[in-house]
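Here are a few notes from my pass through the side chains. Have the viewer open while you read.

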Amino acid sequence: MKVTVRGVSFDNLTINEAVREAFRGEETCRVVTPNALMLQACAENPRLAELLNESSLVLPDGNGVLLAARRQGTPLKERVAGIDFGERLLSEAARRGDRVFFLGGEDGVAPMAAKRMAERHPSLQVCGCYWGYFEKQGEENQRVVGMIRACRPQILLICMGFPTQELWMRENLPLLPSVRVAAGLGGSLDVWAGNARRAPHVLQSAGLEWAWRMLSNPSRLHNFPSLVRFWKGEINKK
């Protein structure tokens, strides 16, 4: 069942259901995890909504999305944060013996994230890592795609931010036949590598993880006007 919020159609699943769904079927499962900021960007640029809606799984990352869905009378089951979904994917990959590739972050972030997650999941098979600051078109991109293809991952975690990671998945996944599940997970690698911290659980439960992110990283403050526009849009619809 789909629930549409601000033009983006979400799969109404729990995190456990989403992980099971990701491994179902023969085609590559392309997973995106929109939050309120991404919904506002989609409201301002419908092509971004189309980009998200053509994905295999669209999961609600953020209490803002859940609140907006509840206000319009179509509640979602639960928040499925990208980083939590990614951790469940890694746990399942370790159990299944699937190979995982980490793509994204600054220099050294992906290998450190892979090392720490392999320590957490001793059976995890990380077959490769590469940073996210490469040319997404042309020869350099072709080299990166060739490297990933040679590593033959079943799981590909792409952490390059919205909409770069979603565009890259759409354009390049057809060239990676071994990949069964690909997920765009934003800043997850930075957290796994220990370079960033998630909000305390009390703030996550209160729906204030966005405030923690902005206070922890003031460069994110430029996103605040977009959040205000998102909530104004929701208020106007009440």
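Which side chain does the side chain of Arg6 make a polar contact with? Points below, starting with that one; keep in mind that this is a predicted model.

1. The partner is Gln40: its side chain and that of Arg6 make a polar contact at 3.3 Å. As for where to look, Arg6 sits in the loop that runs between strand 1 (2–5) and strand 2 (8–11).

2. On to the rings. There are four aromatic pairs in the structure. One of them is Phe102 with Trp192: the ring centres are 6.2 Å apart and the planes meet at 80°, which makes the pair edge-to-face, because anything over 60 degrees goes in that class.

3. Worth a look is what that pair connects. Phe102 belongs to strand 5 (residues 99–104) and Trp192 to helix 9 (residues 188–193), so the contact ties together parts 90 residues apart in sequence.

4. Next, a cluster. Tyr130, Phe134 and Trp168 together form one aromatic cluster. Phe134 also has a charged neighbour: Lys136 lies over the face of its ring, 4.5 Å from the ring centre.

Terms used
Residues are numbered from 1 along each chain as its sequence is written. This is a predicted model: local features need pLDDT of at least 70, side-chain atom pairs count only at pLDDT 80 or more; totals for chains, interfaces and linings use all residues. Side-chain values use heavy atoms; hydrogens and water are left out. Helices (H or I, at least four residues) and strands (E, at least two) are DSSP runs, numbered from the N terminus. A polar contact is a pair of N or O atoms within 3.5 Å; within protein, one must be able to donate a hydrogen and the other to accept it, and residues adjacent in sequence count only if both atoms are side-chain atoms. Rings of Phe, Tyr and Trp (its six-membered ring) pair if their centres lie within 6.5 Å; planes under 30 degrees apart count as stacked, over 60 as edge-to-face and the rest as tilted. A charge sits over a ring if NZ of Lys or CZ of Arg is within 6 Å of the ring centre and within 35 degrees of the ring normal.
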